[in-house]
Amino acid sequence: MFSSELIKGTLKTIVLKQLEVKGRMYGYEITQRVKELSGDRIHITEGALYPTLHALEADGLVTVETEFIGKRVRKYYSLSPKGSSRISEKVSELTEFFETMQFLLDIKPQTA
């Protein structure tokens, strides 16, 4: 499992990408999807996820809808038009960061 320190800087991009792929998701669903896709190496805590979702909402990158599930209210998050246009920029920035880290740390790409 990766440290929360490593995940922290990439969390907005991870959440935006999941919303791009799935369309509309609620918080727990996002955490479980990331855990599954990462082979159990990335665990997003509620304490990290919800401040990230609130920041993305404040930046206008996601929209929120509430839905009643029995007596409970569930919030669903979706990409806003602004979020849809920013996702490729965020992924490109992260890709360049990884390439720079490979160079700085002298990590050779693995070949199959």
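Start by selecting G39: this glycine comes after helix 3 and has a positive phi, near 65°. (Helices, H or I with at least four residues, and strands, E with at least two, are DSSP runs numbered from the N terminus.) Before moving on, note that this is a predicted model, in which local features need pLDDT of at least 70, side-chain atom pairs count only at pLDDT 80 or more, and totals for chains, interfaces and linings use all residues. Residues are numbered from 1 along each chain as its sequence is written, and side-chain values use heavy atoms, with hydrogens and water left out.

**The whole chain**

Zoom out. The protein chain has 5 helices and 3 strands, and from the N terminus on they run α-α-β-α-α-β-β-α. Its C-alpha atoms fill a box of roughly 55 × 30 × 25 Å along the principal axes. Of the 112 residues, 29% count as buried; buried means under 20% relative accessible area, exposed over 50%, and partly exposed in between, with a 1.4 Å probe and protein chains only.

**Helix 3, inside and out**

Now select residues 27-37, which form helix 3. Which residues are buried here? They are G27, I30, T31 and V34. Because these residues cover an arc of only 95° around the axis, they sit on the same side of helix 3. (The arc is taken from the directions from the helix axis to the C-beta atoms.) An α-helix has 3.6 residues a turn, so residues three or four places apart point the same way.

Turn the view to the other side of helix 3, and you will find Y28 and E36 exposed.

**Q18 in helix 2**

Next, pick Q18, which lies in helix 2. Q18 counts as buried because its relative accessibility is 11%. Show its contacts (heavy atoms within 4.5 Å): leaving aside neighbours within four places in sequence, they are G23, M25, R33, V34 and L37. V34 is also one of the buried residues of helix 3.

**Last stop: L104**

Finish at L104, in helix 5 (residues 81-104). Is L104 buried or exposed? L104 counts as exposed, because its relative accessibility is 58%. Select F103, L105 and I107 as well: together with L104 they make a nonpolar surface patch of about 470 Å².

Key: Patches are made of residues with over 30% relative accessible area and no salt bridge: like charges are joined within 9 Å, nonpolar side chains (Val, Leu, Ile, Met, Phe, Trp, Tyr) within 5 Å. Accessible areas come from the Shrake-Rupley method with a 1.4 Å probe; for residues, only the protein chains shown count as cover. A salt bridge is a side-chain nitrogen of Lys or Arg within 4 Å of a carboxyl oxygen of Asp or Glu.
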